[in-house]
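Here is a short tour for a reader new to this structure. Please keep the sequence and the 3D view at hand while reading.

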Amino acid sequence: MRLLVALILLAGCSAAPVDPPDSEASSIPLLAPGLTMATTLYGGGRTADLEAGPRATLEAAIDRGLGGFALYVDWVDLEPEPGRYTLDDLTAKLDALDRLGVVPFLNITVGDSEDLNLPPGVPDGEALGDPEVIERFGRVLDRVVPLLLAGDGFFLGLGNEMGGSLDDDRPAREAYAAFVEAARERVHGIEPRLAVGVTLTTFDVRTGSPTYRAMRAVSDAVAVNHAPIPADFVVLDVEDIRADFRETIDAYGEGPLLIQELTCPNPASMGASDAWQADCFRELFAEIEATPQIRFASVFTFLDFDAATCTAVQDALFQDELDDLPDDVAQRLADYLCGLGVVNVDGSPSPAWDVIVERTEALTR
């Protein structure tokens with residue numbers, strides 16, 4: 001789940017920046033110069049499925065400069081059985097974005113929130129680096145990369161927030177790095193300008209974690225998920241938001257910085273509100289404006305959950321991930337899941353969305 005759960009681990013420590021790899025793609029050549037602001041639907045849903053209200057709100061933002069969209073897809077959805085490829089859903093999503101006039105950032109979540117996310121028949125752990133596994137995934141890339149390029153895609157991610165499980169497992173980390181490196185070579189054999197990397201957490205970047213260092217060495221760029229939320233899931237004071245964001249930027253060091261998820265929640269239990277959410281994005285945009293190396297930033301997430309979806313997501317997380325947390329922290333995390341959206345279910349914008357669109361227009365025109 002793409003939930004920034006690794007924030008639970010966040011500490012106020014930092015490490016020396018890690019040099020990016022020596023690669024032409026490190027400049028993200030397929031991305032237009034300057035900043036591309038974006039958003040996403042939770043779970044990588046289809047923009048074509050939006051109802052009239054939310055769709056009109058999204059289209060109005062695109063008219064004012066919103067230029068990108070973050071997509072997520074699982075390997076098993078692309079290859080449910082060995083050698084059988086199902087690309088219609090991805091093609092439909094990319095086509096819908098093309099009609100809207102926005103460019104896709106695609107993450108094939110081979111690993112997601114500390115767990116490998118593999119199709120049947122693919123062994124996990126150290127075996128991810130086996131030549132047979134690498135070749136099998138390479139055949140998926142042979143089919144996906146042309147689709148991404150046809151939709152003006154500029155970045156292919158190969159995992160999300162895996163530091164928590166890979167940091168303390170060197171063989172698994174080395175296998176994952178070998179997998180990413182081989183996939184990057186495969187992609188560059190098709191289009192050398194298409195950037196390839198992984199997405200990690202603020203914690204990974206700030207600490208220079210083993211996973212961050214390993215992935216930075218084999219990636220054209222490491223994307224980052226950022227939210228100004230400490231380990232107890234009580235939001236930062238507004239006046240501390242810019243400095244907190246700057247710590248991540250400074251720790252990243254040289255090279256283009258892509259932000260897969262830029263998050264400001266609104267639940268009162270976290271010390272937030274609609275007003276805090278708007279102020280949070282205003283502060284983050286001020287830092288983005290001051291940082292030309294930030295080339296892409298996707299607001300997570302566009303649309304609020306309806307009540308049924310909120311309950312389903314909370315129930316799933318409580319069953320799977322929250323048993324070991326103190327009750328108050330677990331409740332704040334559950335509330336967080338249903339307080340991420342910046343547009344209401346009916347399509348009416350929150351105060352935060354108004355800030356996002358206003359600042360996007362100012363920074364991208």
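## Strand 3 and its partners

Ala70 stands opposite Phe105 in strand 3. The model that shows this pairing is predicted. Strand 2, residues 68-73, runs parallel to strand 3, and the two pair over 6 bridges. Strand 3 also pairs with strand 6, again in the parallel sense, over 3 bridges. There, Leu106 stands opposite Leu156 in strand 6.

## The nonpolar core

The largest nonpolar core holds 113 residues. Ile108, Phe137 and Phe281 have the most contacts inside it. What does Phe281 touch, leaving out residues up to four places away in sequence? Its contacts are Leu262, Thr263, Cys264, Val299, Val342, Ala352, Val355 and Ile356.

## Leu141 in helix 4

Leu141 lies in helix 4. Is Leu141 buried or exposed? Its relative accessible area is 0%, and a residue counts as buried under 20%, so Leu141 is buried.

Leu141 and Val187 are 46 residues apart along the chain, yet their C-alpha atoms are separated by 6.9 Å. Val187 is also among the contacts of Leu141 when neighbours within four places in sequence are set aside. Ile108 is one of the residues with the most contacts inside the largest nonpolar core. Leu156 in strand 6 stands opposite Leu106.

## Pocket and cavities

Rolling a probe the size of a water molecule over the atoms shows where empty space is left. The largest pocket has a volume of about 360 Å³. It is lined by 14 residues. Leu41, Leu50, Leu303, Asp304 and Asp306 lie nearest its centre. The lining divides into 7 nonpolar, 2 polar and 5 charged residues.

How many cavities of 30 Å³ or more does a search of the whole structure find? The search finds 2. The second largest cavity has about 30 Å³ of space. Its lining includes Leu158, Gly159, Asn160, Tyr176, Val198 and Met215. Strand 6, strand 7 (195-201) and helix 8 (210-218) each supply at least two residues of that lining. By type, the lining divides into 6 nonpolar, 4 polar and no charged residues.

Ser113 has a positive phi, near 50°, and is not a glycine. Ser113 sits in the loop between strand 4 (111-112) and strand 5 (115-116). Its relative accessible area is 14%, so Ser113 counts as buried under the 20% cut-off.

Asp152 also has a positive phi, about 65°, although it is not a glycine. The loop that holds Asp152 lies between helix 4 (131-150) and strand 6 (155-160). Is Asp152 buried or partly exposed? With a relative accessible area of 46%, Asp152 is partly exposed.

The peptide bond from Phe300 to Thr301 is cis, with omega near 10°. Thr301 lies in the loop between strand 10 (294-299) and helix 11 (307-320).

Key:
Residues numbered from 1 in each chain as written. Predicted model: local features only at pLDDT ≥ 70, side-chain atom pairs only at ≥ 80, totals over all residues. Heavy atoms only, no water. Helix = DSSP H or I, 4+ residues; strand = E, 2+ residues; numbered from the N terminus. Buried < 20%, exposed > 50% of the residue type's maximum accessible area, 1.4 Å probe, protein only. Core = buried A, V, L, I, M, F, W, Y, C linked by side-chain atoms within 4.5 Å. Contact = heavy atoms within 4.5 Å. 1 Å grid on protein atoms, 1.4 Å probe; cavity = no way out; pocket = protein on both sides within 12 Å on 5 of 7 lines; lining within 4 Å. Points joined across faces, edges and corners; volume = space filled by probe spheres on them. Nonpolar A, V, L, I, M, F, W, Y, C, P; charged D, E, K, R; others polar. Pairing = 2+ DSSP bridges.
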